[in-house]
Amino acid sequence: MQQHTGQHLLSAILDTMGLETLSWSMGSASEMNYLELPRKPSEEEISSIQAQCIQAIRDNHPITVETPGDVKADSLPSDYDKEKGVVRFVKIGDMDYNACCGTHMKQTAHISLILLHHTQSVRGTNCRLFFSCGNRAIGLANESINALRKIGVSMSSGFKPAEVQANVAKLGEAVAEGRRREKKLLAEVAKFEGDRIKAVLEVGRRGWCYRATDGLDFLNLVAFEIKDAVKEGVVVLTSGEEKKMGSIMIMGEPALVDALATKVKEVVSSVKGGGKGKWQGKVTEWKAGELEALRKAVEEE
Ligand SMILES: [Zn+2]
(Lines give C-alpha, C1' and ligand atoms only; values in the text may rest on other atoms or scores of the structure.)
Protein backbone atom coordinates (compact mmCIF):
# COMPACT_ATOMS: atom_id res chain seq x y z
CA MET A 1 0.00 0.00 0.00
CA GLN A 2 2.94 2.33 0.72
CA GLN A 3 4.17 1.81 -2.87
CA HIS A 4 0.76 2.45 -4.40
CA THR A 5 -0.10 5.55 -2.35
CA GLY A 6 3.47 6.78 -2.82
CA GLN A 7 3.06 6.47 -6.58
CA HIS A 8 -0.11 8.65 -6.45
CA LEU A 9 1.79 11.32 -4.53
CA LEU A 10 4.89 11.17 -6.74
CA SER A 11 2.78 11.42 -9.92
CA ALA A 12 0.88 14.39 -8.46
CA ILE A 13 4.18 16.21 -7.79
CA LEU A 14 5.51 15.33 -11.26
CA ASP A 15 2.28 16.67 -12.84
CA THR A 16 2.95 20.12 -11.36
CA MET A 17 6.32 20.09 -13.18
CA GLY A 18 4.84 19.14 -16.54
CA LEU A 19 6.07 15.55 -16.22
CA GLU A 20 3.03 13.45 -17.01
CA THR A 21 3.00 9.84 -15.83
CA LEU A 22 2.61 7.75 -19.02
CA SER A 23 2.63 4.41 -17.25
CA TRP A 24 3.99 2.77 -14.16
CA SER A 25 5.19 -0.57 -12.90
CA MET A 26 5.07 -1.65 -9.30
CA GLY A 27 7.98 -3.94 -8.48
CA SER A 28 7.42 -7.08 -6.43
CA ALA A 29 8.45 -7.12 -2.76
CA SER A 30 11.93 -5.62 -2.18
CA GLU A 31 12.15 -4.49 -5.82
CA MET A 32 12.08 -0.95 -7.17
CA ASN A 33 9.03 0.55 -8.90
CA TYR A 34 9.16 2.91 -11.83
CA LEU A 35 7.14 5.59 -13.62
CA GLU A 36 7.52 6.24 -17.32
CA LEU A 37 7.81 9.94 -18.17
CA PRO A 38 7.84 11.72 -21.56
CA ARG A 39 11.39 13.02 -20.95
CA LYS A 40 14.35 12.66 -18.63
CA PRO A 41 14.18 15.05 -15.65
CA SER A 42 17.33 17.13 -15.05
CA GLU A 43 19.53 16.64 -11.97
CA GLU A 44 17.99 19.79 -10.48
CA GLU A 45 14.47 18.54 -11.15
CA ILE A 46 15.27 15.20 -9.51
CA SER A 47 16.54 17.02 -6.40
CA SER A 48 13.43 19.18 -6.37
CA ILE A 49 11.07 16.18 -6.83
CA GLN A 50 12.83 14.35 -3.99
CA ALA A 51 12.55 17.39 -1.70
CA GLN A 52 8.87 17.91 -2.56
CA CYS A 53 8.09 14.24 -1.83
CA ILE A 54 9.68 14.52 1.62
CA GLN A 55 7.85 17.79 2.29
CA ALA A 56 4.44 16.36 1.25
CA ILE A 57 4.99 13.40 3.57
CA ARG A 58 6.05 15.71 6.42
CA ASP A 59 2.99 17.94 5.83
CA ASN A 60 0.87 14.86 6.48
CA HIS A 61 -1.95 15.54 4.02
CA PRO A 62 -5.13 13.53 4.67
CA ILE A 63 -5.95 10.89 2.05
CA THR A 64 -9.66 10.48 1.53
CA VAL A 65 -11.93 8.50 -0.77
CA GLU A 66 -14.94 10.15 -2.45
CA THR A 67 -17.72 8.58 -4.47
CA PRO A 68 -19.44 11.44 -6.33
CA GLY A 69 -22.61 10.49 -8.18
CA ASP A 70 -22.27 12.76 -11.20
CA VAL A 71 -18.97 11.59 -12.60
CA LYS A 72 -18.71 11.63 -16.38
CA ALA A 73 -17.83 8.19 -17.65
CA ASP A 74 -15.16 9.52 -20.01
CA SER A 75 -13.03 10.81 -17.11
CA LEU A 76 -12.56 7.27 -15.80
CA PRO A 77 -9.77 4.81 -16.50
CA SER A 78 -10.53 2.82 -19.63
CA ASP A 79 -10.82 -0.46 -17.71
CA TYR A 80 -13.41 0.93 -15.32
CA ASP A 81 -17.06 -0.07 -15.84
CA LYS A 82 -19.22 2.66 -14.33
CA GLU A 83 -22.44 0.62 -14.69
CA LYS A 84 -21.14 -2.21 -12.55
CA GLY A 85 -19.01 -0.50 -9.92
CA VAL A 86 -19.14 2.49 -7.63
CA VAL A 87 -16.81 5.22 -8.84
CA ARG A 88 -14.14 6.01 -6.25
CA PHE A 89 -11.93 9.04 -6.26
CA VAL A 90 -8.82 9.19 -4.14
CA LYS A 91 -7.91 12.62 -2.86
CA ILE A 92 -4.55 13.58 -1.36
CA GLY A 93 -5.11 16.90 0.43
CA ASP A 94 -5.36 19.53 -2.31
CA MET A 95 -2.58 17.87 -4.28
CA ASP A 96 -4.27 15.05 -6.13
CA TYR A 97 -7.70 13.84 -7.19
CA ASN A 98 -7.70 10.61 -9.13
CA ALA A 99 -10.08 7.79 -9.95
CA CYS A 100 -8.74 4.62 -8.37
CA CYS A 101 -10.28 1.51 -6.89
CA GLY A 102 -7.18 0.48 -4.93
CA THR A 103 -6.75 0.80 -1.18
CA HIS A 104 -4.63 3.61 0.21
CA MET A 105 -3.02 4.85 3.38
CA LYS A 106 -5.01 7.34 5.46
CA GLN A 107 -2.45 10.14 5.45
CA THR A 108 0.76 10.92 3.58
CA ALA A 109 2.91 10.51 6.73
CA HIS A 110 2.12 6.78 6.54
CA ILE A 111 4.09 6.55 3.29
CA SER A 112 7.11 7.44 5.52
CA LEU A 113 9.50 7.93 2.62
CA ILE A 114 9.63 8.20 -1.16
CA LEU A 115 13.14 7.52 -2.40
CA LEU A 116 14.07 8.34 -6.00
CA HIS A 117 16.59 5.98 -7.60
CA HIS A 118 18.15 6.10 -11.06
CA THR A 119 16.62 6.93 -14.46
CA GLN A 120 16.69 4.85 -17.64
CA SER A 121 16.02 6.03 -21.20
CA VAL A 122 13.36 4.00 -23.05
CA ARG A 123 11.45 4.28 -26.34
CA GLY A 124 13.35 7.25 -27.76
CA THR A 125 13.07 10.23 -25.42
CA ASN A 126 10.91 8.59 -22.75
CA CYS A 127 12.43 7.97 -19.36
CA ARG A 128 11.80 5.55 -16.53
CA LEU A 129 12.18 7.07 -13.09
CA PHE A 130 12.77 4.34 -10.52
CA PHE A 131 11.57 4.83 -6.95
CA SER A 132 10.63 3.02 -3.78
CA CYS A 133 8.52 3.93 -0.78
CA GLY A 134 8.29 3.34 2.96
CA ASN A 135 9.75 0.18 4.46
CA ARG A 136 10.82 -1.06 1.04
CA ALA A 137 12.84 2.12 0.46
CA ILE A 138 14.52 1.70 3.85
CA GLY A 139 15.24 -1.97 3.06
CA LEU A 140 16.78 -1.08 -0.32
CA ALA A 141 18.85 1.73 1.23
CA ASN A 142 20.12 -0.66 3.91
CA GLU A 143 21.05 -3.25 1.30
CA SER A 144 22.99 -0.63 -0.66
CA ILE A 145 24.82 0.63 2.43
CA ASN A 146 25.76 -2.92 3.45
CA ALA A 147 26.82 -3.87 -0.08
CA LEU A 148 29.00 -0.76 -0.34
CA ARG A 149 30.58 -1.60 3.00
CA LYS A 150 31.31 -5.19 1.92
CA ILE A 151 32.83 -4.01 -1.35
CA GLY A 152 34.97 -1.51 0.60
CA VAL A 153 36.15 -4.25 2.99
CA SER A 154 36.93 -6.69 0.15
CA MET A 155 39.08 -4.01 -1.53
CA SER A 156 40.66 -2.93 1.75
CA SER A 157 39.51 0.61 1.09
CA GLY A 158 37.17 2.96 2.90
CA PHE A 159 33.45 2.54 2.31
CA LYS A 160 32.34 6.06 1.55
CA PRO A 161 30.66 5.94 -1.89
CA ALA A 162 33.33 8.17 -3.49
CA GLU A 163 36.16 6.00 -2.10
CA VAL A 164 34.53 2.78 -3.29
CA GLN A 165 33.86 4.29 -6.73
CA ALA A 166 37.46 5.47 -7.05
CA ASN A 167 38.79 2.06 -6.01
CA VAL A 168 36.51 0.15 -8.37
CA ALA A 169 37.64 2.43 -11.22
CA LYS A 170 41.29 1.77 -10.28
CA LEU A 171 40.61 -1.98 -10.17
CA GLY A 172 39.00 -1.80 -13.62
CA GLU A 173 42.10 -0.08 -14.99
CA ALA A 174 44.36 -2.69 -13.39
CA VAL A 175 42.32 -5.51 -14.95
CA ALA A 176 42.48 -3.84 -18.39
CA GLU A 177 46.24 -3.38 -18.00
CA GLY A 178 46.58 -7.04 -16.94
CA ARG A 179 44.67 -8.14 -20.05
CA ARG A 180 46.92 -6.05 -22.28
CA ARG A 181 50.03 -7.58 -20.67
CA GLU A 182 48.61 -11.08 -21.00
CA LYS A 183 47.83 -10.51 -24.68
CA LYS A 184 51.37 -9.30 -25.27
CA LEU A 185 52.90 -12.26 -23.40
CA LEU A 186 50.72 -14.72 -25.31
CA ALA A 187 51.90 -13.19 -28.59
CA GLU A 188 55.50 -13.61 -27.38
CA VAL A 189 54.92 -17.27 -26.45
CA ALA A 190 53.29 -17.81 -29.86
CA LYS A 191 56.35 -16.29 -31.54
CA PHE A 192 58.67 -18.74 -29.71
CA GLU A 193 56.36 -21.64 -30.52
CA GLY A 194 56.29 -20.54 -34.16
CA ASP A 195 60.11 -20.46 -34.29
CA ARG A 196 60.29 -23.93 -32.73
CA ILE A 197 57.85 -25.34 -35.32
CA LYS A 198 59.74 -23.66 -38.18
CA ALA A 199 62.93 -25.43 -37.00
CA VAL A 200 61.06 -28.75 -36.88
CA LEU A 201 59.76 -28.22 -40.43
CA GLU A 202 63.27 -27.61 -41.68
CA VAL A 203 64.28 -31.17 -40.80
CA GLY A 204 60.99 -32.99 -41.14
CA ARG A 205 57.55 -32.53 -42.64
CA ARG A 206 55.22 -32.72 -39.61
CA GLY A 207 54.92 -30.20 -36.80
CA TRP A 208 52.96 -30.53 -33.54
CA CYS A 209 51.81 -27.68 -31.32
CA TYR A 210 49.90 -28.05 -28.06
CA ARG A 211 48.81 -25.59 -25.39
CA ALA A 212 46.30 -26.43 -22.65
CA THR A 213 44.89 -22.93 -22.27
CA ASP A 214 43.99 -19.95 -24.50
CA GLY A 215 42.28 -22.02 -27.22
CA LEU A 216 41.87 -20.59 -30.69
CA ASP A 217 43.36 -17.23 -29.62
CA PHE A 218 46.73 -18.93 -29.22
CA LEU A 219 46.38 -21.29 -32.18
CA ASN A 220 45.61 -18.37 -34.48
CA LEU A 221 48.68 -16.48 -33.24
CA VAL A 222 50.91 -19.49 -33.93
CA ALA A 223 49.20 -20.07 -37.29
CA PHE A 224 50.11 -16.51 -38.26
CA GLU A 225 53.77 -17.08 -37.29
CA ILE A 226 54.15 -20.25 -39.37
CA LYS A 227 51.91 -19.46 -42.36
CA ASP A 228 54.83 -19.17 -44.83
CA ALA A 229 56.98 -21.98 -43.41
CA VAL A 230 54.14 -24.49 -43.55
CA LYS A 231 53.73 -24.27 -47.33
CA GLU A 232 55.90 -27.36 -47.35
CA GLY A 233 54.85 -29.93 -44.75
CA VAL A 234 51.98 -29.94 -42.28
CA VAL A 235 51.37 -28.74 -38.73
CA VAL A 236 48.70 -29.83 -36.24
CA LEU A 237 47.86 -27.27 -33.59
CA THR A 238 45.79 -28.30 -30.57
CA SER A 239 44.44 -26.86 -27.35
CA GLY A 240 42.38 -28.00 -24.38
CA GLU A 241 42.67 -30.50 -21.57
CA GLU A 242 41.31 -33.94 -20.77
CA LYS A 243 37.58 -33.85 -19.92
CA LYS A 244 37.37 -30.31 -21.30
CA MET A 245 36.65 -28.89 -24.74
CA GLY A 246 39.34 -27.92 -27.18
CA SER A 247 40.34 -26.87 -30.66
CA ILE A 248 42.33 -28.43 -33.47
CA MET A 249 43.83 -26.71 -36.50
CA ILE A 250 45.69 -28.41 -39.35
CA MET A 251 47.55 -26.34 -41.91
CA GLY A 252 50.02 -27.08 -44.70
CA GLU A 253 50.13 -28.98 -47.99
CA PRO A 254 46.52 -29.84 -48.96
CA ALA A 255 47.14 -33.59 -49.38
CA LEU A 256 48.89 -33.82 -46.00
CA VAL A 257 46.14 -31.73 -44.35
CA ASP A 258 43.48 -34.11 -45.69
CA ALA A 259 45.41 -37.16 -44.52
CA LEU A 260 45.86 -35.79 -41.01
CA ALA A 261 42.22 -34.62 -40.83
CA THR A 262 41.22 -38.24 -41.43
CA LYS A 263 43.63 -39.33 -38.68
CA VAL A 264 42.23 -36.72 -36.28
CA LYS A 265 38.70 -38.05 -36.81
CA GLU A 266 39.94 -41.59 -36.04
CA VAL A 267 41.73 -40.61 -32.84
CA VAL A 268 39.52 -37.89 -31.36
CA SER A 269 36.02 -39.19 -30.67
CA SER A 270 34.16 -35.90 -30.23
CA VAL A 271 35.68 -33.74 -32.96
CA LYS A 272 33.70 -31.89 -35.62
CA GLY A 273 35.41 -29.84 -38.27
CA GLY A 274 36.29 -29.18 -41.86
CA GLY A 275 37.95 -26.85 -44.33
CA LYS A 276 40.28 -26.98 -47.32
CA GLY A 277 43.90 -25.83 -47.02
CA LYS A 278 43.36 -25.04 -43.34
CA TRP A 279 41.29 -27.61 -41.47
CA GLN A 280 39.69 -26.47 -38.25
CA GLY A 281 37.85 -28.59 -35.72
CA LYS A 282 36.12 -28.28 -32.38
CA VAL A 283 36.54 -30.96 -29.70
CA THR A 284 33.53 -31.20 -27.41
CA GLU A 285 35.53 -33.16 -24.85
CA TRP A 286 39.05 -34.57 -24.92
CA LYS A 287 38.75 -38.17 -23.69
CA ALA A 288 41.54 -39.85 -21.68
CA GLY A 289 44.61 -40.56 -23.83
CA GLU A 290 43.33 -38.84 -26.97
CA LEU A 291 45.73 -35.89 -26.84
CA GLU A 292 48.76 -38.16 -26.41
CA ALA A 293 47.51 -40.53 -29.13
CA LEU A 294 47.11 -37.63 -31.53
CA ARG A 295 50.59 -36.27 -30.72
CA LYS A 296 52.08 -39.70 -31.44
CA ALA A 297 50.13 -39.99 -34.68
CA VAL A 298 51.53 -36.64 -35.83
CA GLU A 299 55.08 -36.85 -34.53
CA GLU A 300 55.95 -40.54 -34.64
CA GLU A 301 53.97 -42.26 -37.39
ZN1 LIG B 1 -4.71 4.29 -6.12
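Along the chain, the donors of the zinc ion follow the spacing H-x3-H-x91-C-x3-H. In this predicted model, local features need pLDDT of at least 70 and side-chain atom pairs count only at pLDDT 80 or more, whereas totals for chains, interfaces and linings use all residues. Residues are numbered from 1 along each chain as its sequence is written, and side-chain values use heavy atoms, with hydrogens and water left out.

The protein donors are His4 (NE2), His8 (NE2), Cys100 (SG) and His104 (NE2), at 2.0 to 2.2 Å from the zinc ion; donors are N, O and S atoms within 2.8 Å of the metal (3.2 Å for Na, K and Ca), and sites may look incomplete because water is not among the atoms. The angles among the four donor atoms are 93 to 126°, and the site is tetrahedral (four donors with all angles between 85 and 135 degrees). His4 lies in helix α1 (residues 2-15) and His104 in the loop between β5 (96-99) and β6 (114-122), so the pair ties together parts that are 100 residues apart in sequence. Helices (H or I, at least four residues) and strands (E, at least two) are DSSP runs, numbered from the N terminus. His104 is buried, with a relative accessibility of 11% (buried is under 20% relative accessible area, exposed over 50%, partly exposed in between; 1.4 Å probe, protein chains only).

Positive phi values occur in two loop residues other than glycine, Arg123 and Ser156. Arg123, in the loop between β6 and β7 (126-133), has phi near 45° and is exposed at 59% relative accessibility. For Ser156, in the loop between α3 (134-154) and α4 (161-203), phi is near 50°; Ser156 is exposed, at 68% relative accessible area.

Note on methods:
Four donors count as tetrahedral if all angles lie between 85 and 135 degrees; four count as square planar and six as octahedral if opposite donors are over 155 degrees apart and all others between 65 and 115; anything else is irregular.
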